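Here is a briefing on one protein chain. Keep the sequence and the structure in view while reading.

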Amino acid sequence: MISKPKGTYDLYGQKAKQRQYLDDVLASICEKYNYEYIKTPVFEASEVFHRSVGIDSDIVSKETYDFKDRGNRNLTLRPEGTAAIVRSYIENKMFGDPKQPKKLFYNANMYRYERPQAGRLREFSQFGVELLGSDDVFADAEVISLAYNIFKILGLKNIKINLNTLGDEESRKNYREALIKHFKPHINTMCEDCQKRLLTNPLRILDCKVDNNHEAMQTVPNILDYLNDESKNRFLKLQEYLDLLEVEYEVNPGIVRGLDYYNHTVFELELVNENFGRSNILCAGGRYNNLVEKLDGPQTPAVGFAAGLERVLLALEEEKVNIPINDSIDIYLGYVNEEEKETALYLTQELRLNGFICETEYLGRSLKSQFKSADRLNAKYIIILNSDDLKDYQVKVKDNKTKEEQKVAINDLVDYFDMHM
Ligand code: ATP
Ligand code: MG
């Protein structure tokens, strides 16, 4: 028997229905917020991610699926959405669209070579939004509150936004120097990655999963002390907006995010539940004002987030949130002989095209077994086709709850069910 690759999963049955529900809710909220759906390829030129996420980020240095195709091109299965969308934004000149800012959402599989565990997979799905073309913290507030509201609408009560700012370039530079000074005396006792990060991107040390309890972490300088006035005011304004929108958040100077391209706002959405381990971060994002330029587009400020949908579904389960999924069909059509079978074939199509969920028999089983099938499918009504009735253009309709039976003219069936359902 051939098994699925490590870190992947098959989605079917009830779980597939839950996922469909989630996808529908996300798309419908995006419609209200006027974010447009965008789809980009599963693989991109490797450069798209190397140049954006950062060559020494965890994602690019350890987690990407890189391969050469038969034409010797360097390609990468996308590990995240933002860089690919920015590539598309530039290539399709969306910056020139009269409708601005550009507000996009995606819901797509991502690929990272990780050590699989609960809420951490090699093929997983992210839902995310990107708002490109506005530098106003108004946009940050919208994006953060959108993330927050999605989880509220889904029914998660114990959630919290962890909010931070990385400031502008000047603030970041000052903070970077402070971090180097702080970590230098400890660096020999820290992990190999952190030793590299000290030289390349010391901010990432704060995101380290190995050293997160290291003593040097307890006394790290606070980014908020290194912000220049402009960055500070921006951050305060954002908090004012979030208060106005009644978003529950906490300023957490430890949030830096592992990706290279963030500046100013960064945030995570946390499920506050101690059983949930490290998978309690359901969603993360921030502002990335330099990424479009970095990928050869015009200077374009932008802000966005991505949510891990497997984690979201785990969270809904863990928090015992009721997911409304339809577990019944409207009508089951039972029949025995060939004439009835033809009518069943025709009528199921007719009823389906009129909006009813219909099922019928495919295996030539007895009427008794067909009734059992109808029960298993939680059919609300059963149509029993019978040659004698068909001569009068009629069928027998049974209410599967009350068990009452009634003859209905074939021509009136749609109206009948419209009235009764
Ligand atoms: P982590 O710190 O958990 O590794 P990350 O910083 O790598 O997360 P992002 O790149 O910001 O995560 O991705 C946004 C969201 O996507 C995460 O908050 C999480 O919900 C989800 N996610 C990331 N990696 C995985 C994965 N391997 N499997 C499932 N979900 C994931
Ligand atoms: Mg990660």
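Is Lys62 buried, partly exposed or exposed? Lys62 is partly exposed, because its relative accessibility is 43%. The model is a predicted one. The points below run from the whole chain to single residues.

**Overall build**

- The protein chain holds 15 helices and 16 strands.
- The chain is more spread out than a compact globule, because its radius of gyration is 28 Å, well over the 22 Å that the globule rule gives for 421 residues.
- The C-alpha trace spans about 90 × 50 × 45 Å along its principal axes.
- Of the 421 residues, 51% are buried.
- Take the contacts between residues at least 6 apart in sequence: 70% of them join residues at least 24 apart.

**Surface and charge**

- The accessible surface of the chain is about 21,800 Å². Carbon and sulfur atoms account for 49% of that surface.
- The chain carries 56 positive and 68 negative charges.
- The whole structure contains 27 salt bridges. Three of them are taken up below.

**Asp296 and Arg51**

- Asp296 and Arg51 form a salt bridge, with 2.9 Å between the closest N and O atoms.
- This pair links distant parts of the chain, 245 residues apart. Asp296 sits in the loop between α10 (291-294) and β11 (302-308). Arg51 belongs to helix α2 (residues 46-52).
- Asp296 counts as exposed because its relative accessibility is 59%, over the 50% cut-off.
- Arg51 has a relative accessible area of 28%, so it is partly exposed.

**Lys62 and Asp58**

- Lys62 also takes part in a salt bridge, with Asp58 as its partner. Their closest N and O atoms are 3.4 Å apart.
- Both residues lie in helix α3 (residues 58-63). They are four residues apart, about one turn of the helix.
- An α-helix has 3.6 residues a turn, so residues three or four places apart point the same way.
- Asp58 is partly exposed, because its relative accessibility is 25%.

**Arg365 and Glu361**

- The side chains of Arg365 and Glu361 form a salt bridge, at 3.0 Å from N to O.
- Arg365 is partly exposed, at 34% relative accessibility.
- Glu361 is buried, because its relative accessibility is 3%, under the 20% cut-off.
- Elsewhere, salt bridges with shared partners join Asp58, Lys62, Asp193 and Arg197 into one network.

**Helix α4**

- How many of the 10 residues of helix α4 (residues 82-91) are buried? Nine are, and the helix is mostly covered.
- The buried residues of α4 include Thr82, Ile85, Arg87 and Tyr89. Ala83, Ala84, Val86, Ser88 and Ile90 are also among them.
- The cover over these buried residues includes the strands β2 (43-45), β5 (102-111) and β6 (123-132). Helices α2 and α10 are also part of this cover.
- Lys93 follows α4 and has a positive phi, near 50°.

**Ser373**

- Ser373 lies in helix α13 (residues 367-376).
- With 8% relative accessibility, Ser373 is buried.
- Setting aside residues up to four places away in sequence, Ser373 touches Tyr332 and Arg365. Arg365 is also the salt-bridge partner of Glu361.

**Ser387**

- Ser387 is in helix α14 (residues 387-391).
- Is Ser387 buried or exposed? Ser387 is buried, because its relative accessibility is 14%.
- Apart from residues up to four places away in sequence, Ser387 touches Asn337, Glu339 and Glu340.
- Ser387 and Glu338 are 49 residues apart in sequence. Their C-alpha atoms are 9.5 Å apart in space.

**Asp23**

- Asp23 is found in helix α1 (residues 13-33).
- Asp23 is partly exposed, because its relative accessibility is 23%.
- Which residues does Asp23 contact, leaving aside its neighbours within four places in sequence? Asp23 is in contact with Asn107 and Leu309.
- Asp23 and Phe127 are 104 residues apart in sequence, yet 8.6 Å apart in space, C-alpha to C-alpha.

Definitions and conventions: Residues are numbered from 1 along each chain as its sequence is written. Chains are lettered from A and ligands numbered from 1 in the order in which they are written. This is a predicted model: local features need pLDDT of at least 70, side-chain atom pairs count only at pLDDT 80 or more; totals for chains, interfaces and linings use all residues. Side-chain values use heavy atoms; hydrogens and water are left out. Helices (H or I, at least four residues) and strands (E, at least two) are DSSP runs, numbered from the N terminus. The radius of gyration is taken over C-alpha atoms; the globule rule is 2.2 Å times the number of residues to the power 0.38. Buried means under 20% relative accessible area, exposed over 50%, partly exposed in between (1.4 Å probe, protein chains only). Contact means heavy atoms within 4.5 Å. Accessible areas come from the Shrake-Rupley method with a 1.4 Å probe; for residues, only the protein chains shown count as cover. Lys and Arg count as positive and Asp and Glu as negative; His and the chain ends are not counted. The place of a charge is taken as NZ of Lys, CZ of Arg, CG of Asp or CD of Glu. A salt bridge is a side-chain nitrogen of Lys or Arg within 4 Å of a carboxyl oxygen of Asp or Glu.
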